[in-house]
Amino acid sequence: MHIFEKNTLYTLNIIIDKDESLHILSKLGQAQYNYYPYIHWIFRNNPTALQQGVDGSVKIGKYQLEEMKDRAYYDECVKFAYDIGILDILREATHAPKHTYSGFFLNGGIHPRYSNFFNNFTSLHRVIPYQVLSLLEEGSQDEAIDILVYWGNAIMMVYPQYPRLPELIEHIRTKYRLTDENTLMLNELLARASTPRHKGESVRLVIPRRDSMQVRNTTFRELQILRNSLSPEIKNRFITECSEYLLERIRQYRKSNDCEKYLAALESYYAIVSLNHVYTNEVLKNAFLFFNSPQTPTASRVQLLNILKQRLPVATSANFRKYTDNGDGNRVVHFSNKLLFNRFCILIMELLLDDKSSEETDRIFKQQISKISEELKIETFDAVAKIQDKTKAFYWILKNPIGIFACDQTEIAYEVQNSAFEGVTH
Amino acid sequence: MKNYFKIIIVLLGCGRLGALSLQDIAQVENEWKKAQSSAIFANFDLLEKFQKATPNELRAINTEISTYEQRKFYGQFSQYIRIKMRESYANGDFQEYLSLMKTYLRFSYMPLTGIRAEKNMVIDAFKVFNAPKSTGIIRQNILDLLKKHLAMPTAENYREYPGNGMVFFDNRLLFNRFGVMAMELLLQNKSIEETDRIFKQQIGKISDELQIKTLNAVVEMRDGNKVFYWVMLSPVGVFFCDQTTIWDKCESGRPAIKPAKPE
């Protein structure tokens with residue numbers, strides 16, 4: 001499958017609606033053609049945006065066709081065109097009237113400039129059914145049905161009476177025990193495939209929307225592939241735009257106390273910012289407030305803690321200190337206090353969730369801080385959990401590096417020395 | 001060249017106001033010559049007539065000197081005095097030490113320099129205060145000097161709103177207050193419980209006055225010595241001192257928004 005089908009950007013699907021998709025699309029479309037995998041992704045995952053979005057994508061598609069320089073680019077473009085409505089792109093690219101679409105394929109009346117493009121399309125076209133069957137044999141039923149439905153919708157636009165499609169659907173329905181959701185998707189596809197159409201009749205691509213909760217669990221490998229596949233400039237611009245968007249959503253859902261959406265947005269945010277390792281403390285502080293809000297049910301607190309534990313990088317002996325040379329032969333040590341703050345936050349939330357007595361919480365907190373201090377070679381002066389205004393408050397005073405981590409129910413913050421000459425603190 | 005003259009004139013003004021002698025000035029001159037160029041002091045003899053200048057005249061001249069040049073010069077000069085202070089202390093000459101400290105503090109707060117006493121001065125004074133060979137009288141003198149000359153935070157000067165949507169905290173002033181308070185309590189030499197009680201009370205008062213959200217303020221015994229610390233949550237930070245060291249680490253600024261209210 002195309003990498004972007006399962007990458008972390010899937011996560012946006014949960015919270016994006018039509019207007020927002022188009023907004024992002026317009027921003028991305030104006031930027032550079034390198035954004036197109038993301039546009040592809042947005043369309044692919046958001047059927048509500050598709051109807052209006054196709055018009056925008058045509059222009060992008062045409063631009064790409066004209067700018068294509070190498071084979072890899074052709075390949076990408078084929079995948080893109082395949083998913084978002086290939087015929088519109090072809091029409092734009094070749095200035096052909098609509099009713100000649102199939103003629104291009106059947107009679108080979110293609111401009112030589114685009115021959116590779118069509119060759120790729122037809123290859124894909126032949127391979128897909130086998131890929132679907134192969135995935136079903138492997139037990140990847142959801143993935144197989146997704147591909148089949150995408151492909152089926154697209155192929156119907158090229159060949160309105162494509163005979164293999166109903167046959168393939170029947171074959172799959174007979175041979176494999178499908179889930180209710182997949183059965184429903186196939187039934188809808190079959191109904192569309194069985195509806196007679198006139199030659200040249202315009203057909204809209206219909207992309208089903210699957211519950212994407214499961215695809216949010218992007219693996220580290222998938223994220224790495226995404227990271228490596230984009231230029232740093234493009235990657236950062238996209239991540240910045242996406243994360244700003246999500247940040248706004250996080251604030252909004254926090255305000256309206258919509259737990260489910262808040263958590264989805266939060267997880268999406270962390271998945272995306274993990275690509276360039278730019279974490280803002282604001283989100284974590286916001287999450288802490290959400291955690292402590294009386295309106296947040298325990299289940300959501302647990303879920304939030306799990307998300308943070310899964311997504312937040314924390315300080316370890318390997319990443320807490322970095323060394324540079326200041327040019328005078330002195331080594332300067334830099335402390336990754338943000339990572340330590342992440343660890344502090346998670347620790348506090350765990351202790352709050354445990355809901356033990358004040359004395360017991362203090363004992364465990366001291367124990368944990370001592371463990372962290374030892375691991376990270378931090379000289380700790382004191383770590384205290386106490387009751388303040390009838391709620392638990394925590395602080396951790398560090399002597400080397402010097403600083404403080406502190407929180408109560410409404411605020412969590414830190415201030416720690418960033419760097420020092422090696423062996424010197426104050 | 002012209003500017004350096006003016007700086008030296010101001011320096012002499014400082015000397016007159018404080019206890020700095022012409023010998024000290026000459027030594028500064030020597031240090032300056034070594035570090036910079038002797039040309040700066042080519043017409044040094046001319047300075048004598050400026051010694052009679054009134055503070056207003058000096059102030060008027062000083063306004064013509066760029067801030068950069070002032071800072072550069074006074075930075076070196078303050079370093080020089082600090083070295084002299086350490087030497088005086090090491091030689092057991094406490095009178096000279098106190099005299100230099102007084103000069104330095106007065107000099108640091110002169111309106112024409114715009115430079116306030118550095119944090120290092122408080123740190124140095126704190127070390128001397130706690131040194132075993134410092135007598136009760138010396139300690140009292142140090143404390144009196146600091147109380148008299150150090151600027152302290154108030155509700156008006158602690159927060160600054162430059163108009164860019166940020167609020168900045170003048171933690172140097174707060175550091176002065178913490179240092180003086182700790183020294184006062186150490187000088188009183190009360191029981192640990194009583195010291196802790198008074199410290200908490202004082203911090204509570206400061207917190208109210210400066211609208212600081214304090215998480216804890218503690219005096220406790222560690223290794224046979226009194227240790228003071230003050231943990232703040234908004235602005236976030238900590239002030240700490242024991243018998244050998246005094247330090248702070250505080251947030252310097254943040255967006256000027258109201259703190260989150262409890263749910």
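Does B:Trp247 count as buried or exposed, and at what relative accessibility? At 3% relative accessibility, B:Trp247 counts as buried, where buried means under 20% relative accessible area, exposed over 50% and partly exposed in between, with a 1.4 Å probe and protein chains only.

## Basis of the report

This is a predicted model, in which local features need pLDDT of at least 70 and side-chain atom pairs count only at pLDDT 80 or more, while totals for chains, interfaces and linings use all residues. Residues are numbered from 1 along each chain as its sequence is written, chains are lettered from A and ligands numbered from 1 in the order in which they are written, and side-chain values use heavy atoms, with hydrogens and water left out.

## Chain A as a whole

Chain A contains 18 helices and seven strands, these being DSSP runs numbered from the N terminus (H or I with at least four residues for helices, E with at least two for strands). Of the 426 residues in chain A, 54% are buried. When contacts (heavy atoms within 4.5 Å) in chain A are taken between residues at least 6 apart in sequence, 67% of them join residues at least 24 apart.

## Helix 11 of chain A

Helix 11 of chain A, residues 180-194, has 15 residues and reaches 21 Å from its first C-alpha to its last, close to the 21 Å expected at 1.5 Å a residue; the expected span is 1.5 Å times one less than the number of residues. Its buried residues are A:Asn182, A:Met185, A:Leu186, A:Leu189, A:Leu190, A:Arg192 and A:Ala193.

## Aromatic pairs

Over all chains, the structure holds 22 aromatic pairs, counted when rings of Phe, Tyr and Trp (its six-membered ring) have centres within 6.5 Å, with planes under 30 degrees apart called stacked, over 60 edge-to-face and the rest tilted. A:Phe341 and A:Tyr414 form a tilted pair, 4.6 Å centre to centre with 35° between the planes. This pair links distant parts of the chain, with A:Phe341 in helix 17 and A:Tyr414 in strand 6 of chain A, 73 residues apart, and both residues are buried.

In chain B, the rings of B:Phe240 and B:Trp247 have their centres 5.0 Å apart and their planes at 20°, so the pair is stacked. B:Phe240, at 0% relative accessibility, also counts as buried.
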